[in-house]
Amino acid sequence: MKVYCLSEDPNKPCFVIKLKSVTIMLDCGLSAHSVLNFLPLYPIPDWKPNKAAAWIPKNFSDPQIEGELNECMTNQVLVNSAPEFMTPLTKLVDFADIDVILVSNYMTMLALPFITENTGFKGVVYMTEPTLHIGKLFLEELVDFVEQSPKPNVAKYWKEILHLLPPPLCNSFKPHTWKQLYSLAQVNSSLTRVQMISYDQKIEITGALTVTAVSSGYCLGSSNWVIYLESKKLVYVSNTSTLTTHPRPMDQVNLKNADLMLLSSLTQAPAANPDSMLGELCLSVAVTLRNNGSVLIPCYPSGVVYDLFECLSSHLDSTALGQIPMYFISPVAHSSLEYSNILAEWLSQSKQNKVYFPEEPFPHAQLVKSGRLKHFKHVYTDDLWNDLRQPCVVFCGHPSLRFGDVVHFVEYWGTNPQNTIIFTEPEFPYLEALAPFQPLSMKAMHCPIDTSMNFTQANKMIKDLKPAVLILPERYAIPPTGFGHKNEFVIDQIDRKVLTIKRGEVISEKLDIKTVNVPFTTEMVVSVTLSELQSGLKASKFTAVLDTKDNKYKLDILRDDLLANKTTEPYLLETLFKKTYEWGQLDIDRFLRALTNEGVSDPKIEHNAHGYTIHLKSEDTLIQVDDKSTHIFCEKMDKNWRLKLRSIVMECLNSF
């Protein structure tokens, strides 16, 4: 087995494994951290605040670089171009060879169009129903954000002079591999390749192996994957949570005792407790609203934002601020809110129970009905500005602050020190996200909420699941930057074999497959009759054809006509179709009598530690017999004599 790592970020995973003749891609995450190197795209046409001036390196003059770089008030140099994304590696594996893509959740499928379109990909993509539908919303929102404010030019030359640029641009990781975003047509085309599956459903891949999705507890429809290959079991654990939130809880039973576990997507905020962060967020929102300020929360259109709606509305009610409106702005806001309420089978038990009353499983349904939570497609719609009432709480994207409706609100509210922006997504460093908007008067808070397992939880889970071999990103074996003294921020497993992997690396691991399951046809089952050889031991004789097709094996009845044209040797036909099978020890007295009947009159027997030796001098033959075997040494070049001796030996054994 070979494992290929195509991604730099463990939280935007993309692995490829090759098993037997099958090539499987595990997730296709899209790293958006690269967009922080670009100027924001403003959603309202002709409104571009002048906070960045043109910049070129000192003592450097080349017309190709003009207009590509701008310097912000914070002295940070950013690229003036459409944002570019860090896609999975394209040269390590030929995407046309991939048989199947297994997607764990809607956050790990955003690079799917880069994999399936214009690459020769002919495989199938498997994911759960919520992953498909909510992932489609994420993809559509991302395309809408980038396309609503197109950049007229594409900056390229800056990548040729990285050594002349200031940080962080000069430290950019392989910017030549970054790509501009796909189109909506490519999104729709890639999704036509998806087949929806349910939890615990067994999917056969080219007859060689079987895959099953089990709940990971992270978000609606999120999955871990179990791969069965003959007698071996492999598990892939990605974005898993043991917390009690709105998704169905994690299934650990199906992950136990794997021969190999591949781990990815642990928490991006190892030092931040999600419950504590949520409490700080609610407290900060209440303080801001009491001071007549508004709150801006950059977010994705699904996931943690559902929990924020629920917890924040309850907190505002308890602090006499229940009249404060909340606004959810996204091109897919309506679809997200509606769809989340019809996914009962994918929810936690407490959420499912509400459906059977009947009640909406999420409080945001009632918040929408009561008018406390209002949703709009875009910041530039008249309906929003006719309805907007301050102070308020606004949820909108994109969390990078480089495109989407959030860009307008940062500019619109940034001059008021009473307002607050609260960052809950740990993916982007909030100071880097705010850099092109400085100076800002509004307060900024960092409350990263990541419900994925932390390292302590992951270490405990691994010990409970007991995989024989563990493969994990190289980053997980060393403490993260800034936490060098914190050993609890690493995966430490001394009781098993641990392999680390990084972007562009390939790991080979031998799977010692000793047994293969070979089913009988119905005719074969009917033809088999068990005979008791001794107490507690039964056996049956059968002659069969081994049929191999599409990596599957099958035993079928051997019919006389199948061998009619394949052999003319009588003794081979006799062997294949014989009616008895021998076992046990040789009956020496019976054997000597049979030899006498065949005209052998001078057998000489010598006993030894393991059995005895029979010497037939007249026939120039030596027969060695022990507890487990019989050997015949015959110097005579007479095939008939050897066959006769063989028949005599067989007659003197037990048979069935």
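**Figure 1. Secondary structure and overall make-up of the predicted protein chain.** The predicted model of the protein chain contains 16 helices and 35 strands. The chain has 656 residues, and 52% of them count as buried. Among contacts in the protein chain with a separation of 6 or more, 71% are between residues 24 or more positions apart. The accessible surface amounts to about 30,600 Å², and carbon and sulfur atoms hold 50% of this area.

**Figure 2. Packing of helix α2 against helix α3.** Two packed helices are described by the angle between their axes and the distance between the axes. Helix α2 covers residues 129-147 and helix α3 covers residues 184-191. The two pack at an angle of about 165°, and their axes lie 10 Å apart. Because this angle is over 145 degrees, α2 is roughly antiparallel to α3. The crossing of α2 with α3 is right-handed. On the α2 side, the contact is made by L132, K136, L139, E140, V143 and E147. On the α3 side, L184, V187, N188 and L191 take part. By class, the residues of this contact are six nonpolar, one polar and three charged.

**Figure 3. The cis peptide bond from P167 to P168.** Most residues other than glycine have a negative phi, and most peptide bonds are trans. The bond from P167 to P168 is cis, with omega near 5°. P168 sits in the loop that runs between α2 and β10 (179-180).

**Figure 4. The cis peptide bond between Q390 and P391.** Q390 and P391 are joined by a cis peptide bond with an omega of about 5°. P391 belongs to the loop between α9 (382-387) and β20 (393-396).

**Figure 5. Positive phi at E230.** E230 is a residue other than glycine, and its phi is positive, near 55°. The residue lies in the loop between β14 (223-229) and β15 (232-238).

**Figure 6. Positive phi at N257.** N257, also a residue other than glycine, has a positive phi near 55°. Its place is the loop between β15 and β16 (260-264). The relative accessible area of N257 is 53%, so N257 counts as exposed, the cut-off for exposed being over 50%.

Terms used:
Residues are numbered from 1 along each chain as its sequence is written. This is a predicted model: local features need pLDDT of at least 70, side-chain atom pairs count only at pLDDT 80 or more; totals for chains, interfaces and linings use all residues. Side-chain values use heavy atoms; hydrogens and water are left out. Helices (H or I, at least four residues) and strands (E, at least two) are DSSP runs, numbered from the N terminus. Buried means under 20% relative accessible area, exposed over 50%, partly exposed in between (1.4 Å probe, protein chains only). Contact means heavy atoms within 4.5 Å. Accessible areas come from the Shrake-Rupley method with a 1.4 Å probe; for residues, only the protein chains shown count as cover. Axes are lines fitted to C-alpha atoms, for helices over the stretch in contact, and angles run from 0 to 180 degrees between N-to-C directions. Angles under 35 degrees count as roughly parallel, over 145 as roughly antiparallel, 65 to 115 as roughly perpendicular and the rest as oblique. A crossing is left-handed if the near helix is turned anticlockwise from the far one by less than a right angle, and right-handed if clockwise. Ala, Val, Leu, Ile, Met, Phe, Trp, Tyr, Cys and Pro count as nonpolar, Asp, Glu, Lys and Arg as charged, and the others, Gly among them, as polar.
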